[in-house]
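Here are my notes on the model, as numbered points. Please read them with the structure open.

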Amino acid sequence: MTDELDDAMMHRALSLAQQAADLQEVPVGAVVYRGGEILGEAHNRRESDQDPTAHAEVIALRAAAATTGSWRLPECDIAVTLEPCPMCAGAMINARIRRLIYGAADPKMGSVDSLYQLCTDPRFNHRLQVRSGVLAEPCGSLLGKFFTRLRDRS
């Protein structure tokens, strides 16, 4: 059941990422869920909000905290289309997220597996379970097409 639920939530995150691309935002989507219930979801909004912290993960975590009435989200999972950066991985650790499911690896900023292993570092007071590569091809393809179009416009 978990794999099916993770896949369903990643499909939802992909839909959110497409919404971001349609707004000329880097296409990243995130969904925070507990069981089958979505508690918060978002796509990147850095350009729209002119806010360097407006990453999909941070916005989705804020929404989930508002929904639950607590900044602690220990029974929650998050599905993200791109491997989180240091800020987002840190936010997940601080929120006590149970599991991170992500799609495409990020060799330039990824801080879960690629550059660092923040979510599983035993020096932190909380560690997340990580499942990587979920729907990696469509997640990576959406990002690749977005950046190709961006380069072609320049």
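1. Q50 sits in the loop between α2 (46–49) and α3. Helices here are DSSP runs of H or I with at least four residues, strands are runs of E with at least two, and both are numbered from the N terminus. The phi of Q50 is near 50 degrees, a positive value in a residue other than glycine. Q50 is exposed, at 61% relative accessibility. The accessibility classes are buried (under 20% relative accessible area), exposed (over 50%) and partly exposed (in between), with a 1.4 Å probe and protein chains only.

2. A word on provenance. The model is predicted, so local features need pLDDT of at least 70 and side-chain atom pairs count only at pLDDT 80 or more, while totals for chains, interfaces and linings use all residues. Residues are numbered from 1 along each chain as its sequence is written, and side-chain values use heavy atoms, with hydrogens and water left out.

3. L135 lies in the loop between β5 and α5. At 23% relative accessibility, L135 is partly exposed. Most residues other than glycine have a negative phi.

4. Next, the core. The largest nonpolar core holds 44 residues, and V32, L61, I78, M92, I97 and L100 have the most contacts inside it. Such a core is a set of buried Ala, Val, Leu, Ile, Met, Phe, Trp, Tyr and Cys residues joined through side-chain atoms within 4.5 Å. Elements that give two or more residues to this core include α1 (2–22), α3 (56–68), β3 (77–82) and α5 (136–153). The largest share, seven residues, comes from α1.

5. Which residues does M92 touch, not counting residues up to four places away in sequence? They are E57, L61, I78, V80, P84, I97, L100 and L128. Contact means heavy atoms within 4.5 Å.

6. Now the charged pairs. The whole structure has nine salt bridges. The criterion is a side-chain nitrogen of Lys or Arg within 4 Å of a carboxyl oxygen of Asp or Glu. R131 and D6 form one of them, at 3.0 Å from N to O. D6 is buried at 0% relative accessible area, whereas R131 is partly exposed at 25%.

7. E41 pairs with R12, and their closest N and O atoms are 2.8 Å apart. E41 is in strand β2 and R12 in helix α1, so this bridge ties together parts that are 29 residues apart in sequence. E41 is partly exposed at 31%. R12 is partly exposed at 28%.

8. D77 and R99 meet in a salt bridge of 3.1 Å, N to O. D77 belongs to strand β3 and R99 to strand β4, so the bridge joins parts that are 22 residues apart in sequence. D77 is buried at 4%, and R99 is buried at 8%. D3, D6, D77, R98, R99 and R131 are linked in a network of salt bridges.

9. C85 is buried at 10%, and C88 is buried at 0%.

10. Last, the open space. The largest pocket has a volume of about 440 Å³. Its lining has 19 residues, with V26, V28, L82, D106 and M109 nearest its centre. The largest share of that lining, three residues, comes from α5. On a 1 Å grid over the protein atoms alone, a pocket is an open set of points where a 1.4 Å probe fits, with protein on both sides within 12 Å along at least five of seven lines; lining residues have an atom within 4 Å of a point. Points are joined across faces, edges and corners, and the volume is the space filled by probe spheres set on them.

11. L82 is in strand β3 and is buried at 14%. Leaving out residues up to four places away in sequence, L82 touches V28, E57, Y102, A104, A105, D106 and L143. L82 and R131 are 49 residues apart in sequence and 12 Å apart in space, C-alpha to C-alpha.
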